[in-house]
Structure formats: structure tokens, C-alpha cells
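Here are my notes on the model you sent. They are set out as numbered points, to be read with the structure open.

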Amino acid sequence: MTKPSLPDLLHAAVDAVGGTERPGQVTMAEAVAEAVDDGSHLLVQAGTGTGKSLGYLVPALAQGERVVVATATLALQRQLVERDLPRTVDALHPLLRRRPEFAMLKGRSNYLCLHRLHEGMPQDEEEGLFDQFEAAAPTSKLGQDLLRLRDWSGETENGDRDDLTPGVSDRAWAQVSVSSRECLGASRCAYGAECFAEMARERAKLAEVVVTNHALLAIDAIEGAPVLPPHEVLIVDEAHELVSRVTGVATGELTPGQVNRAVRRCAKLADEKVADQLQTAAEGFERVMELALPGRLEEVPEDLGYALMALRDAARNVIVTLGSTRDKSVQDEDAVRKQAIASVETVHAVAERITLGSEYDVVWYERHDRFGASLRVAPLSVSGLLREKLFAERSVVLTSATLKLGGDFNGVGASLGLAPEGTATAEGDQPVWKGIDVGSPFDYPKQGILYVAKHLARPARDGDRADMLEELTDLIQSAGGRTLGLFSSMRAAQNAAEELRSRIPEYPILLQGEETLGELIKNFAADPRTCLFGTLSLWQGVDVPGPSCQLVVMDKIPFPRPDDPLMSARQKAVEEAGGNGFMAVAATHAALLMAQGAGRLVRASGDRGVVAILDSRLATARYGSYLKSSLPEFWYTTDRNQVRRSLAAIDAAADDAT
């Protein structure tokens, strides 16, 4: 039997999902198939509306080897597992003569733990176990959440938190879930045979396509203990998020509260002398942290160094003794011990990492109004880690609507540990890769305008921006509401919302944080006169096609804060190596966010509107052209009157259409 052609397979899949075949989608599918066949790596920029999910799923399913698909957002994971994969598999089955299995796999804490649910949660202050269902008042929000979780446990087939609708608070979920370090292990757990996390792993072992998230991919790469099943092809969707997710997984943190919890958890299990040693070390660490001022620690201060060494040594001694001590008064000692060891191991690992003082780590203090001071450590770069762990033994395809910054893929490539495109050779130690931009089905010059408010004063950090608020007010009035406001800080979003609610009360302003993000987006989409203001997560989390979002405003270019310890350290490292730190770190960061933000405007072929940048530097600064070339190719203007007329016309057309 002749092998079905890729165009035939793609055509069948597109028909099955009720889509339209796009030229960019065909180009992408061919490039993915070629990369998989020759074992090379591919970066694909595929604009909104391209149909990139099928652009990688179809060639991946056709080649017959196991594929891992890692995404950043829950929405895309759900779309793949609940819509795209079932329909695609059904459509390809007659052509491939086989039915590829697929499965979702997440970190253990995403699944309901039956041991925690039925036996209770080990408590720090209590002897034995804490029955959360008895302790939480049934009328309280926590009590209601826990009772609903208990009912749900008898109905759910997979125990996945994301399948619980409506969701529950993090506090409630923490009482019925465990981390991988706290898990007893299936062989030692009374509920091991029914364990949802273990069943998910078993399904993944049998599946040809495993859908996971960036965080689990990072854990699999960093921790050395394989979580994902062996696979020949890795596809990273929403790949612009990968570096920040890997950095997050590789970041360690110590707080006095966390250390004190570890002390309480091991108090009844460790030898008294050893437990006292950890208590004393914890008190010393807490005293140092009381005086901590936010900022990077280029060298660890002497007092902090002594406190960390004491913590490290005491934690090591506790870990050794916890393995042998038995306390008859502790119920379900295995679970209590496992939780205690997990807490102390985390303290030991972070204290030792900072004490060793790698030149490749950045250490800093943070201070939070509510939670106090924390000590953090993160890798200066994850590029070497990604090059070694991600690209070594499999073909990798990375795709996103925003990978090509400043006109090429080299900025994103460098962050992933890749040499500039075209310089790597098969004989060298650099992975072979290429980048392609398959475009977008949208006609950006006709569908959108990029407006830069060149007349505004240059924004000063935390300065008064009365002229920006005046401009924003005029734009919203011209647009008839319909505005997504993307702000560089929560304070700026709050100030703007407060000011405009009093200036133009006829246009309701929704503010991030006042409702859940899902509820805000739903309400924003439902009423065209409504505006939605927020910060970072809105820059890439809003998908509202149609007349409710016809003006996207960015208050200023989203450079990292100058006092951001990790970003400033990365910038300094590039400069010391002879590069341009500002362009490599700050400008690349801003370009990525601006591209994501601008992408909120045109989500469908009928969408029209304006992206307004209320920061004159985009028109006047030398780096402005780099940032503009990272955005969709909208029609460009700095004429404020032209933009007001255009917004009014778009508003009128939207009103006529309803």
C-alpha cells in the first residue's frame, strides 16, 4: 500500500476540525515533516489564524514515532486533547491504517491524591493527622471546596484539577494533593493501585502523542529523573514562553516561614539534639532576613553566609536521622516523614546552592508587603541547559506567533542555546537548526493601524503621566470603549482605571485582580462599551475576536525594571562578554511582550482596529525600529487626529453591524 501524502493527510485533518487550509499551514507541515525526517531542529513563526496545531500534529502523527507536545497554557492543552487530537486521529485513521493513542501528562501536584483525601494532611502543629473535612466549617469557602472535592473524587476518571469546574482555591487543593517529593510512591501507598498520577503516567507510556506543559518539560530536563516517556520528537508550542518557564523551575527560594515549617514537620521524627540544631539555625536565618533589603547580592554577606551554612549542615543531619527514627505517637508515620523530608531537602538544596556560590547563579533578596523577605537564586542563563538537555537526542520543533524579533530568529535562538542561524554544522557541538516564518492569513496593513503617540513626554519611572491619561481618555472615547489596556505595572493599571472611571463613567473599566481572569475576559467580550485594564498576563492571555476589542493600548515599552536582579545580571553578563546587553536582554524582552500584546488586536479575518503605543520612544529612539520590526505589519502613523477619525469610523461600522 502506498504511503498517504502529507497534503492528503493535512486536508483530511482540516476538514475534520471544520477549518480552512492555509498556505502557511501547508508550508509549516512540510517543514516539520522535513525536520523530523532528518533529525534536525526547527523554529516556526506561525501567526494567529495559521492553524499551527494541525501544522505540527499532522506530520508528527504521520511519522509514527512517539511525540511529546509541550505547551504553556491550559487553554491550548485542553484544545489539543479535547478537540484537535480526537478529530485529527479520527480523520487520519483510514489513511494511516492505525489509530494513534494520545494522553495528557502533568506534574504530580495537578492530580488529586487519594491518600491525602482519605487519610488527611499531615499538620505542623498537630499530633498525627489533620482531618481537613472535620476542621473546616462546612459553611466556610474552604469547607465547601473540600466537600466538593470529596464528592468529585467519586466521579472523576482522571483526578486532574483542571477538569474540576468551577475550580477551588489553591489552599483547598493543597490539602488533597502532593508534590513528587511528598508522594509515598505507588508501592508503599494504600491507594497506589488507584492513583490518578500513576494512571496518567501509564497512559503516557502507551501513547504515541503525549501532551504536557513547559514546567514538566523543564523538570524532566533539569532534575535528571525522567518524568516523560522516551520520545523521538519534541514539539514546543508557545515557545516564546519556554525560557521563562525553565528559569522558574530552576529558581530556588528560602523564606523564614518555609524554614520554620520544615522545623515543625521534622520535630517529632528527628533526634531531639538534631532537631534543636535545625531550630537554632532557623532562628539565625530569620534574624538575618529581618534586616534584608531588596536587591541583588553580588557576594553573599558574611552574616548570611554563616546562617546558610548552619541551615545546610543542620538540614543534612536531619535528613540522615529522619530515615531511622520511629515515633509511635505519630499516626501514618510514612506520610508525615515523607512530607518532613521533602521540606528539609528543599531547605538543604537551596542553602547549599547559595553557599557554593556558582558564578552561573544570581542571588537576591525580595521583600513582599504581606509575606516579608525571601532569598532567591536563579541561573544567570538557561541557554546551556537547554542546548544540552533539549536538543541532544531528539528532533525539536519550536513554534509560536512571536519568535522572529527584530527581523530574525537569532535573539530567541540565542536564549535557547542555539548559535546564529546558518553558522552551526553537523560536525560541531552546536545543534543544526533553521527558522521559517510562515506568515499569517490576516492582511495586517488593511486590518490594523499601529499608532505611536510621538507628541507625549518621554515616560519617567513612576512619574506622573497626566498627558498619557489624557491621550488614553480621548482614544477610548473615539473607539466607543472596546479597549484592552496593557500596562507595564499593576500600579499604572490601577491608577489609570481609577482616573478614567471618574472621567468617562459611561465606559465601564474592568481591572485585573478584581475578578478571576476568565470572568474578566468573559465580561469584556460581552459588552463592546467595556474596557479591560491589566498587566503582564493579559499581554498574552486574551483572545477576544470581534467588535469588543478594537483598540489595544500599551502605556509604555515594557522594558524590565532597572532593579530587576536577574535581568540586570543577564544584561551585565552580555556586556562583559563584549555584546550589547541592552539589545540582547532588555530590548528582546520588550519586543517579545509587545509582539504578544499587539497580537491581541486581530484574532479573526473580520477584525479591525488600532494598536496604540503611548510611549514616544518607539518613534524617536534608535531601538524603536527593532521593536517595530517585531510587531505585525500594521499601517503605521503618529498622527493623533487620523487615529481618532479611524477609531470613530471603526466604532460606527461595528454599531451598524449589530
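Predicted model: local features only at pLDDT ≥ 70, side-chain atom pairs only at ≥ 80, totals over all residues.

1. The buried residues of helix 10 are His214, Leu216, Leu217, Ala218, Asp220 and Ala221. Their cover includes strand 2, strand 6 and strand 7, along with helix 11 (242-249) and helix 16 (383-389).

2. Strand 7 and strand 12 are joined by 4 bridges, in the parallel sense. Here Ile235 stands opposite Val397 of strand 12.

3. Where does helix 2 (residues 23-38) bury its residues, and what covers them? The buried set is Gly24, Gln25, Met28, Ala29, Ala31, Val32, Ala33, Ala35 and Val36. Among the elements covering them are helix 1 (6-16) and helix 3. Strand 1 (41-45), strand 7 (233-236), strand 12 (395-400) and strand 13 (433-437) also contribute.

4. The length of helix 2 checks out. Its 16 residues, at 1.5 Å a residue, should span 22 Å; the end C-alpha atoms are 23 Å apart, which agrees. Just after the helix, Gly39 has a positive phi of about 70°.

5. Helix 1 and helix 3 pack together. Their axes come within 10 Å and cross at roughly 125°. Helix 1 is therefore oblique to helix 3. The crossing is right-handed. On the helix 1 side, the contact involves Leu6, Leu9, Leu10, Ala13 and Val14. These meet Leu54, Val58, Pro59 and Ala62 of helix 3.

6. Helix 1 packs on helix 4 (residues 74-96) too. The angle is about 145°, and the axes are 8 Å apart. This crossing is right-handed. Helix 1 brings Asp8, Leu9, Ala12, Ala13 and Ala16 to the contact. Helix 4 brings Arg87, Thr88, Ala91, Leu92, Leu95 and Leu96.

7. Strand 18 (residues 551-554) deserves a look. Which of its residues point one way, and which the other? Leu551 and Val553 point one way; Val552 and Met554 point the other way. All of these are buried. In a regular strand, side chains alternate between the two faces of the sheet.

8. Strand 18 has parallel partners. It pairs with strand 15 (residues 483-486) over 4 bridges. There, Leu486 has Met554 of strand 18 as its bridge partner. Another 4 bridges join strand 18 to strand 19 (residues 609-613), again in parallel. Val552 is bridged to Val611 in strand 19.

Note on methods
Residues numbered from 1 in each chain as written. Heavy atoms only, no water. Helix = DSSP H or I, 4+ residues; strand = E, 2+ residues; numbered from the N terminus. Expected span 1.5 Å × (residues − 1). Buried < 20%, exposed > 50% of the residue type's maximum accessible area, 1.4 Å probe, protein only. Contact = heavy atoms within 4.5 Å. Pairing = 2+ DSSP bridges. Axes fitted to C-alpha atoms, helices over the stretch in contact; angles between N-to-C directions. Parallel < 35°, antiparallel > 145°, perpendicular 65-115°, else oblique. Left-handed = near helix turned anticlockwise from the far one by under 90°.
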